[in-house]
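Thanks for coming, everyone. I'll walk through one fold today, from overall figures down to single residues. Here it is on the screen.

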Amino acid sequence: MTTLFSSGLWRLVLALMLPPALGHAAAWDIDQLMRSLSNTRTSHARFVETKSIAMLDQPVESSGELLYSAPDRLEKRTLKPRRETLLVEGGSLVIERGRKTHRLQLQDYPELAALIDSIRGTLAGDRTALERNYKLSLDGSAARWTLQLLPTNKKMQAVVKHIRIAGTREGVNSVEVTQTDGDSSVMLVENLTQ
């Protein structure tokens, strides 16, 4: 009887009896990130975006504000170097430059819709929306994470190599898009929402 309950065997029996969730409680995964992100219903942030374009000698920098309202309203107000507003709500995109306004239905531009949904889906914590167009992988911990999105659609793969979205807890700190032609953009985000 004493050999049955030796310390090594006793630990093994206890380990087998514990629910699997207890053994993995400290693990950080995509589902936990998505749940955390989905808690944010509205946010207001400042951004600085740097675009590196092969045809230009120097990167192009812009800055402004980002406003998000769950589940699908995203507004990017560029203030410098010139004013421009992009408003995505539901399936439509409205672009305002100066006195001109352009309205697009995202269903008519699937690659653009996929790019927009990479950000909207992340902000909403909508894994299903993200996985429609991307293979997801996550590095880091809740305190500092990086979500990588690799396009799964052939047309999107011809344009975008990968998207990396980094953050802390339920906040996004940067969005990096690397295109297949070598062009890239990095948007640094500072959350203003209290």
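Start with contacts, meaning heavy atoms within 4.5 Å. Among contacts between residues at least 6 apart in sequence, 35% join residues at least 24 apart.

Now the ground rules. This is a predicted model, numbered from 1 along each chain as its sequence is written, with local features needing pLDDT of at least 70 and side-chain atom pairs counting only at pLDDT 80 or more. Totals for chains, interfaces and linings use all residues, and side-chain values use heavy atoms, with hydrogens and water left out.

Next, the overall numbers. The protein has six helices and eleven strands. Those are DSSP runs, numbered from the N terminus: helices are H or I with at least four residues, strands are E with at least two. Of the 194 residues, 34% count as buried. Buried is under 20% relative accessible area, exposed is over 50%, and partly exposed is in between, with a 1.4 Å probe and protein chains only.

What is the strand order? Eleven strands form an open sheet, β6-β5-β4-β3-β2-β1-β11-β10-β9-β8-β7, with antiparallel pairing. The edges are β6 (100-105) and β7 (134-141), and each pairs on one side only. Pairing here requires that DSSP finds at least two bridges between the two strands. From one strand to the next, the twist averages 15°.

Zoom in on one pair. Strand β5 (residues 92-97) is joined to β4 by six bridges, and the two run antiparallel. Leu86 stands opposite Ile95 in β5.

Now look across the sheet. Helix α4 (residues 110-124) lies across a list of strands, including β2 (60-69), β8 (144-151) and β9. Its angle to β9 is about 20°. Axes are lines fitted to C-alpha atoms, for helices over the stretch in contact, and angles run from 0 to 180 degrees between N-to-C directions.

Then the cores. A nonpolar core is a set of buried Ala, Val, Leu, Ile, Met, Phe, Trp, Tyr and Cys residues joined through side-chain atoms within 4.5 Å. The largest one has 28 residues, and Trp145, Leu147, Leu149 and Ile163 touch the most other members. Helix α3 (residues 30-38) gives this core its largest share, four residues. There is a second, separate core of seven residues; among them are Leu93, Ile95, Leu104 and Ile116.

Charges next. How many salt bridges does a search of the whole structure find? Eleven. The criterion is a side-chain nitrogen of Lys or Arg within 4 Å of a carboxyl oxygen of Asp or Glu.

Take three of them. First up, Arg73 and Glu89, with N to O at 3.7 Å. Arg73 sits in strand β3 (residues 73-80) and Glu89 in strand β4 (residues 84-89), so this pair links distant parts of the chain, 16 residues apart. Arg73 is partly exposed at 25%, and Glu89 is partly exposed at 41%.

Next, Glu131 and Arg127, whose closest N and O atoms are 3.0 Å apart. Both lie in helix α5 (residues 127-131), four residues apart, about one turn of the helix. Glu131 has 40% relative accessibility; Arg127 has 28%.

Then Arg164 and Glu176, at 4.0 Å, N to O. Arg164 is in strand β9 (residues 160-168) and Glu176 in strand β10 (residues 171-179), so the pair ties together parts twelve residues apart in sequence. Arg164 is partly exposed at 31%, as is Glu176 at 27%. Shared partners also build a network: Glu65, Arg73, Glu75, Arg77 and Glu89 are joined by salt bridges.

Is Thr178 buried or exposed? Buried, at 16% relative accessibility. Thr178 lies in strand β10. Beyond its neighbours within four places in sequence, Thr178 contacts Val160, Lys161, His162, Asp183 and Ser184.

Ala143 sits in the loop between β7 and β8. Ala143 is partly exposed, at 40%. Setting aside neighbours within four places, Ala143 contacts Gly167, Thr168 and Arg169. Ala143 and Gly171 are 28 residues apart in sequence, and their C-alpha atoms are 10.0 Å apart.
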